Protein chains: 2
Amino acid sequence: MKRIFSLIAGLACCLTAFAQQNLMGTAVELKSPDIHDDYSVTFRVYAPKAVSVRLTGDFLPHHVADNNGYVTEVPIWVDMTEGEGGIWEYTTGPLPAELYSYIFRVDGLPYADPSNQFRYRDMTVWTNWFLISREKGDDGYMYSANKVPHGNVSHVWYDSPTLGMSRRMSVYTPAGYENGKERYPVLYLCHGAGGDEDSWLDFGRAAQILDNMIAEGKAKPMIVVIPNGNAASAAKPGEWEAGLYQASMSGAPAPGVRAAASIPQAFPDVMNYVESHYRVLKGAANTAMCGLSMGGGHTFDVSRMYPGKIGYVGLFSGAQSVRQSPEYDKEVAAVFAAKPKLYYVACGTADPIFRISESFEKYLADHGYPHEVEWTDGAHTWKNWRHYLMHFAAKLFR
Amino acid sequence: MKRIFSLIAGLACCLTAFAQQNLMGTAVELKSPDIHDDYSVTFRVYAPKAVSVRLTGDFLPHHVADNNGYVTEVPIWVDMTEGEGGIWEYTTGPLPAELYSYIFRVDGLPYADPSNQFRYRDMTVWTNWFLISREKGDDGYMYSANKVPHGNVSHVWYDSPTLGMSRRMSVYTPAGYENGKERYPVLYLCHGAGGDEDSWLDFGRAAQILDNMIAEGKAKPMIVVIPNGNAASAAKPGEWEAGLYQASMSGAPAPGVRAAASIPQAFPDVMNYVESHYRVLKGAANTAMCGLSMGGGHTFDVSRMYPGKIGYVGLFSGAQSVRQSPEYDKEVAAVFAAKPKLYYVACGTADPIFRISESFEKYLADHGYPHEVEWTDGAHTWKNWRHYLMHFAAKLFR
């Protein structure tokens with residue numbers, strides 16, 4: 001074996017304290033979050049001059065709050081305790097397996113945990129996150145990167161003639177795709193308002209969920225396509241020519257950009273690209289679509305506008321309304337005349353969209369349209385959407 | 001055209017104020033950074049209870065500091081001024097075109113700008129960033145996502161028998177790759193210590209640089225492969241089974257993981273995967289490799305261990321030493337006996353690695369080995385490495 005001469009690599013490791021690094025100045029190294037053997041968690045933050053340090057996170061008790069008509073789960077704030085050397089601490093009780101997010105508040109200012117490099121942006125807000133897994137197969141395990149074969153995730157530009165844009169989507173190909181000749185069924189996975197083609201990969205943990213479900217035989221190997229669901233955007237903020245605009249809940253990009261069509265109208269552009277560039281199994285029996293919130297609305301619209309194209313339909317906290325119109329009745333009738341393999345409606349009972357989901361489900365039931373319904377606890381949260389994705393994916397392509 | 005029934009999509013937009021969102025509580029909306037017509041920039045932060053708010057960023061004057069032997073550029077801190085309503089401000093002079101990063105310090109605590117959602121992690125530290133472009137073709141333009149054809153970026157798992165792992169690399173395929181039959185040359189692009197397979201895509205802006213250079217005819221269309229350069233890791237933190245360990249400058253993953261071989265020893269695994277899974281042009285004339293710091297050391301070692309394989313070699317602030325040994329002389333002689341098309345050595349004169357680069361370059365000159373050298377201002381910074389990548393890429397495959 002040849003000798004390696006780059007003995008100064010060790011030195012180079014130290015030299016990497018360059019400009020970006022030095023922007024922080026001297027940091028205090030703390031372990032936070034510190035997950036104990038009983039799955040309680042200690043958070044620590046250095047804030048020697050602070051008068052008040054608080055913590056909130058979705059592992060804490062929450063109340064359901066009505067903010068001007070928008071009902072959400074709001075976790076409580078807890079006080080952290082100052083100890084030696086300006087280090088504030090808080091320790092939870094034992095936590096169930098789950099992906100959790102949290103943030104500090106130092107003298108009133110929201111403050112990300114500098115000791116925890118794991119952060120995701122969700123719409124306009126960055127928070128820290130961590131995982132609790134107690135045993136193989138639990139929710140925290142399913143959201144973790146485990147020692148299983150991993151699918152590849154690509155950011156793919158495709159032509160959308162309907163929207164008059166080159167647009168970006170994320171594509172998950174299951175482990176083995178690159179080395180085989182096999183064709184795979186396709187799941188189109190839609191994000192909500194304020195999200196983008198990365199959302200299901202970040203807090204949605206779609207790649208880990210699919211890796212783990214496929215490895216355990218809980219889901220069939222499938223291609224997962226995550227389009228960008230903002231018709232006036234080509235891609236997530238910063239990835240296209242609109243510049244470094246700040247993401248917003250409206251999904252609106254830089255001023256002056258207007259969409260040429262809707263996302264459901266442009267859906268065939270996505271499907272055409274996928275079916276002509278990947279080894280896919282075609283037809284309704286091999287095609288699934290689901291989405292959360294706005295993406296549930298998109299999924300419903302696609303199922304309605306192209307009856308017989310989507311064999312498995314999943315509406316997660318879906319923004320799909322019931323309309324009193326003969327045209328609506330006719331279109332929904334056409335969806336079910338094509339005999340979808342699965343029409344799945346899920347929502348949390350504390351979700352503000354629950355009344356919409358409930359009336360939609362009642363409409364299906366009243367008309368005798370076969371469907372599956374899953375009402376869970378909880379509100380309009382990623383926790384629910386990750387669960388619905390796991391439940392829906394398990395039913396696909398059987 | 002069919003009518004769209006999801007009229008409640010607008011409502012859904014508002015409903016997305018769910019758990020993560022609410023972790024922040026009420027936010028004060030500010031424009032920060034606010035880039036003015038003369039390219040001066042105003043930063044704003046809401047901190048009504050703060051006694052002191054400061055700002056640092058790589059657009060400010062810096063001094064070259066020696067921290068225990070590690071010489072780096074350290075930008076100054078400037079005081080921000082409190083105005084109405086607890087909003088602190090600072091305005092720069094007009095800035096040259098560049099990608100800049102910055103962070104606040106509120107009563108001593110490093111504080112990311114909550115109004116700026118663009119953040120990258122570099123080793124252990126998250127900072128905000130923004131771009132200044134004054135005209136088409138300047139550095140800020142080359143780092144921006146412009147209205148040009150975009151290449152795809154994939155996160156690809158490959159088998160590394162030498163390291164005994166499935167490992168993750170990032171692969172950029174140029175615009176048009178997916179729709180053609182053409183074969184492309186390959187650039188292997190190596191990160192530094194503390195980095196991972198995303199580093200060149202984040203602060204390195206490699207995808208935007210290549211998109212823009214190819215669109216303007218300044219670089220030949222090429223595939224760019226960014227392997228993970230930490231031999232004891234399979235992927236960036238959080239993407240493999242070591243769990244949510246915190247990135248460190250040593251590149252060491254969870255305790256107990258030991259590498260079975262070095263990155264240069266395992267390089268043939270990367271090349272074999274790329275050459276068997278992508279439409280590549282083979283041979284030294286179609287193969288380039290470059291890297292920064294530790295990645296420069298890896299590049300040197302690969303060029304030395306496999307003479308004749310890499311036709312274009314680029315060492316950016318590279319951690320490659322000169323050794324007084326006949327074996328070393330013989331190996332470097334073999335590199336140049338194979339007549340590489342380009343051997344490029346670049347470093348900032350304020351970089352602590354400069355003396356290493358300089359002595360290496362002198363070795364090449366003393367032996368009459370053809371090479372190109374580029375000494376620039378500046379230290380061990382991404383600003384320099386982005387420039388070197390542009391300069392090196394322009395010379396490839398001609």
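The expected span of a helix is taken as 1.5 Å times one less than its number of residues. The coordinates belong to a predicted model, in which local features need pLDDT of at least 70 and side-chain atom pairs count only at pLDDT 80 or more, whereas totals for chains, interfaces and linings use all residues. Residues are numbered from 1 along each chain as its sequence is written, and chains are lettered from A and ligands numbered from 1 in the order in which they are written.

View 1. Helices (H or I, at least four residues) and strands (E, at least two) are DSSP runs, numbered from the N terminus. Helix α5 (residues 263–277) of chain A has 15 residues and should therefore span 21 Å, in agreement with the 20 Å between its end C-alpha atoms. Its buried residues (20 or more other C-beta atoms within 10 Å of the residue's own; exposed means 12 or fewer, partly exposed in between; C-beta atoms are placed from the backbone) include A:Phe267, A:Val270, A:Met271 and A:Val274. The buried residues of α5(A) pack against β13 (152–160), β14 (165–173), β15 (186–190), β16 and α6 (294–305) of chain A.

**View 2. The surroundings of A:Val225 in the largest nonpolar core.** A nonpolar core is a set of buried Ala, Val, Leu, Ile, Met, Phe, Trp, Tyr and Cys residues joined through C-beta atoms within 7 Å. The largest such core has 207 residues, of which A:Val225 and B:Val225 touch the most other members. Contact requires C-beta atoms, placed from the backbone, within 7 Å. Leaving aside neighbours within four places in sequence, A:Val225 is in contact with A:Met169, A:Val171, A:Val186, A:Tyr188, A:Leu189, A:Val270 and A:Val274.

**View 3. A:Leu55 in strand β3 of chain A.** A:Leu55 lies in strand β3 (residues 53–57) and counts as buried because it has 24 C-beta neighbours inside 10 Å. Beyond four places in sequence, A:Leu55 touches A:Phe43, A:Val78, A:Met80, A:Tyr90, A:Tyr102 and A:Phe104. A:Phe43 is twelve residues away along the chain, and its C-alpha atom is separated from that of A:Leu55 by 8.6 Å.

**View 4. The contact between the two domains of chain A.** Domain bounds come from an automatic or database domain assignment, which gives domain 1 (25–132) and domain 2 (146–394) in chain A. The contact takes eleven residues from domain 1 of chain A and 14 residues from domain 2 of chain A. On the domain 1 side, β5 (70–75), β9 (98–106) and β11 (119–122) of chain A each give two or more residues. The most come from β5(A), with four residues.

**View 5. Backbone geometry at selected loop positions.** Most residues other than glycine have a negative phi, and most peptide bonds are trans. A cis peptide bond joins A:Ser32 and A:Pro33, with omega about -5°; A:Pro33 lies in the loop between α2 (19–22) and β1 (34–35) of chain A. In chain B, the bond from B:Ser32 to B:Pro33 is cis, with omega near -5°. B:Ser293 has a positive phi near 55° and lies in the loop between β17 (287–292) and α6 (294–305) of chain B. B:Ser293 counts as buried because 30 C-beta neighbours lie inside 10 Å.

**View 6. Confidence along chain A.** pLDDT is the predictor's confidence in each residue, from 0 to 100. The mean pLDDT of chain A is 90. Confidence in chain A is lowest in helix α1 (residues 9–15), at a mean of 32, and highest in strand β16 (residues 223–227), at 99.
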